[in-house]
Amino acid sequence: MSDLDPLFDNNRRWVSECLLDDPDYFSRLAALQAPKYLWIGCSDSRVPANQIIGLMPGEVFVHRNIANLVVHTDMNALSVIQFAVQYLKIEHIIVCGHYGCGGVRAAYENNQLGLLDNWLRNIKDIYHAHSEELEAIADPQQKMNRLCEINVMEQVSNVCHTTFVQNAWTNGHKLSVHGIIYDIHNGLLRDLSIRVNGAAQIDDIYQMSPKKKTA
Ligand code: CO
């Protein structure tokens, strides 16, 4: 008897259900991965990508970390983006934040949490850059919600500042980067109307002028 037995039981039941619907389900998935979407979301257990957007295995490539950050020195996130864009040729990158994000809240507070402080520091920098707007919001809940939204906006920019995304645009690859937010109180997604389709939407300083590939 293992502590994980219930999970293995769930797994076998899930496999049976999938095969009942489609006997070729796993053999087809094993042969090809061709998702159209890359999801960059929070690790929060209440924000599971596939369930929220109703997509099956094989339909969304997923990267999750605390507070859905895209940090330009994070080889993990950068490798995911490069692979998704260059090799999977995904068409949409979705940065999804969520209200009630513990990471965003922790960044707003002034407690030491250990190594994590260095990760959350990225959000403190965002707060600092937008302090005028944020400090004008009196209601603490609204202020926190707005910080969650601004964080998404900044991470969308960080995605667009990568050379992989800019090269894709230069090479005529159809690619949009979106910012959305999830409300853990009602399960609904909200479109933040952030959509970047090309380098013209990026600040000059971040434009990398990639050379067009000949191949
Ligand atoms: Co979170």
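**Start with the domains**

Colour residues 1-32 as domain 1 and 34-206 as domain 2; these bounds come from an automatic or database domain assignment. Before going on, note that this is a predicted model, where local features need pLDDT of at least 70 and side-chain atom pairs count only at pLDDT 80 or more, while totals for chains, interfaces and linings use all residues. Residues are numbered from 1 along each chain as its sequence is written, and side-chain values use heavy atoms, with hydrogens and water left out.

The C-alpha centres of the two domains sit 31 Å apart. Four residues from domain 1 and four residues from domain 2 make the contact (heavy atoms within 4.5 Å). Together the domains bury about 290 Å², 72% of it on carbon and sulfur atoms; that is accessible area (1.4 Å probe) lost on putting the two parts together, summed over both.

Now select Tyr25, Leu29 and Leu32: they supply 85% of the area that domain 1 buries against domain 2, more than any other three residues.

**On to the metal**

Next, pick the cobalt ion, which is coordinated by Cys42 (SG), His98 (NE2) and Cys101 (SG) at 2.0 to 2.3 Å. Donors here are N, O and S atoms within 2.8 Å of the metal (3.2 Å for Na, K and Ca); water is not among the atoms, so sites may look incomplete. Along the chain, the donors follow the spacing C-x55-H-x2-C.
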